[in-house]
Amino acid sequence: MTGYTRGERQALRTRRAIVNAFSALIREKNYADITVNDIIGRADAGRSTFYRYFRTKADLLIYLHEERFDNLLGSLSSASAWMSASPPPELQRFLEMFRLLGKNRQFSLAYMLGNDIDYVIHHINRLLSAKFEKSLYTAFGEEKTGIPIATLARSVAGSYCWIVISWLTGEIREDADAVAAWIHRLARASVREALIP
C-alpha cells in the first residue's frame with residue numbers, strides 16, 4: 001500500500017475487513033439472513049464505519065461482484081481472449097462465487113435476495129455492461145463494428161446475467177464447466193457478429 005497516507009491505508013484496511021467479513025458470512029449463511037450487525041461484528045468495525053463505505057448490504061454485495069468482474073475481465077483484455085475456443089478460467093471461478101450465494105442452487109432468487117432482488121440485479125447488470133464495454137474497447141480498439149460496442153456490451157452482459165440466474169435457480173441443470181462454455185460461446189458469437197461492418 002505504498003503511495004497512500006496513513007489514514008488512507010487504514011481506510012483501505014477497514015473497507016477490506018468489511019468486504020472479507022461479508023464474503024466469509026456468505027459462505028456460512030444465506031444472504032437474506034446476514035445483517036449489518038453480523039458484518040460489522042465479524043469485521044470488528046462500527047456501524048457508522050460500515051455506512052461510510054456502503055449505503056446498504058446490497059451495495060456491499062454489488063461491490064463484491066465488482067471485484068469478481070475485474071478478475072474476470074482482466075482475462076478478456078485481448079481480441080484473442082474474446083475469440084478463444086475455451087472460456088477463461090476466471091469464468092469458472094465467477095460461477096463458483098455465484099454458486100456460493102445459493103449453496104445448493106435449489107433456491108428462489110427472490111427469497112434469497114428478498115426486497116433487494118430488483119436493485120441488485122439491475123445494478124449488477126449495469127456494472128457488468130460498463131466493464132464489458134471497457135474490455136471490448138481495450139480488445140478491439142476503434143475497429144469499425146456493425147453493432148456499436150456499447151450495445152454489444154449490454155447484450156453480452158444480459159446473456160451472462162440471465163444464464164447465471166437460470167443456472168442458479170435450477171432451470172439450467174448443467175455443471176459449471178458446461179455453463180461457462182455456453183456463456184463464452186454465446187459471447188464469442190455476439191462479438192464475431194458485431195465485428196461484421
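## The overall picture

What pattern does the chain follow, read along the sequence? Going along the sequence, the pattern is α-α-α-α-α-α-α-α-α-α. That comes to 10 helices and 0 strands, where helices (H or I, at least four residues) and strands (E, at least two) are DSSP runs numbered from the N terminus. The radius of gyration is 18 Å, close to the 16 Å that the globule rule gives for 197 residues, so the chain is as compact as a globular protein of that length. Here the radius of gyration is taken over C-alpha atoms, and the globule rule is 2.2 Å times the number of residues to the power 0.38.

This is a predicted model: local features need pLDDT of at least 70 and side-chain atom pairs count only at pLDDT 80 or more, while totals for chains, interfaces and linings use all residues. Residues are numbered from 1 along each chain as its sequence is written, and side-chain values use heavy atoms, with hydrogens and water left out.

## Size, surface and contacts

Along its principal axes, the C-alpha trace spans about 55 × 45 × 25 Å. The chain exposes about 10300 Å², with carbon and sulfur atoms supplying 51% of that; accessible areas come from the Shrake-Rupley method with a 1.4 Å probe, and for residues only the protein chains shown count as cover. Of the 197 residues, 44% are buried. Buried means under 20% relative accessible area, exposed over 50%, and partly exposed in between (1.4 Å probe, protein chains only).

Take the contacts between residues at least 6 apart in sequence: 70% of them join residues at least 24 apart. A contact means heavy atoms within 4.5 Å.

## Inside the core

The largest nonpolar core has 62 residues, and Ile18, Phe22, Ile39, Trp82, Phe132 and Tyr160 touch the most other members. Its largest share, 12 residues, comes from helix α9 (residues 149-168). A nonpolar core is a set of buried Ala, Val, Leu, Ile, Met, Phe, Trp, Tyr and Cys residues joined through side-chain atoms within 4.5 Å.

Let's look at Phe22. Not counting residues up to four places away in sequence, Phe22 touches Tyr31, Ile34, Ile39, Lys57, Leu60, Leu61 and Leu64. Thr49, in helix α3 (residues 47-53), counts as buried at 14% relative accessibility. Leaving aside neighbours within four places, Thr49 is in contact with Thr14 and Ile18.

## A look at helix α4

Helix α4 (residues 57-74) has 18 residues that should span 26 Å at 1.5 Å a residue, and its end C-alpha atoms are 26 Å apart, which agrees. The expected span is 1.5 Å times one less than the number of residues. Buried residues in α4 include Lys57, Leu60, Leu61 and Leu64. At the start of α4, a side-chain oxygen of Thr56 reaches to within 3.2 Å of the backbone nitrogen of Ala58.

Pro87 sits in the loop between α5 (79-83) and α6 (89-102), and is partly exposed at 27% relative accessibility. Pro87 and Arg185 are 98 residues apart in sequence, with their C-alpha atoms 7.8 Å apart in space. Beyond its neighbours within four places, Pro87 is in contact with Ala180, Ala181 and His184.

Tyr137, in helix α8 (residues 117-140), is partly exposed, with a relative accessible area of 35%. Apart from neighbours within four places in sequence, Tyr137 is in contact with Glu142 and Ile149. Gly3 lies in the segment before α1 (6-28) and is exposed, with a relative accessible area of 80%.

Conventions:
Polar contact = N/O pair within 3.5 Å; in protein donor to acceptor, adjacent residues only side chain to side chain.
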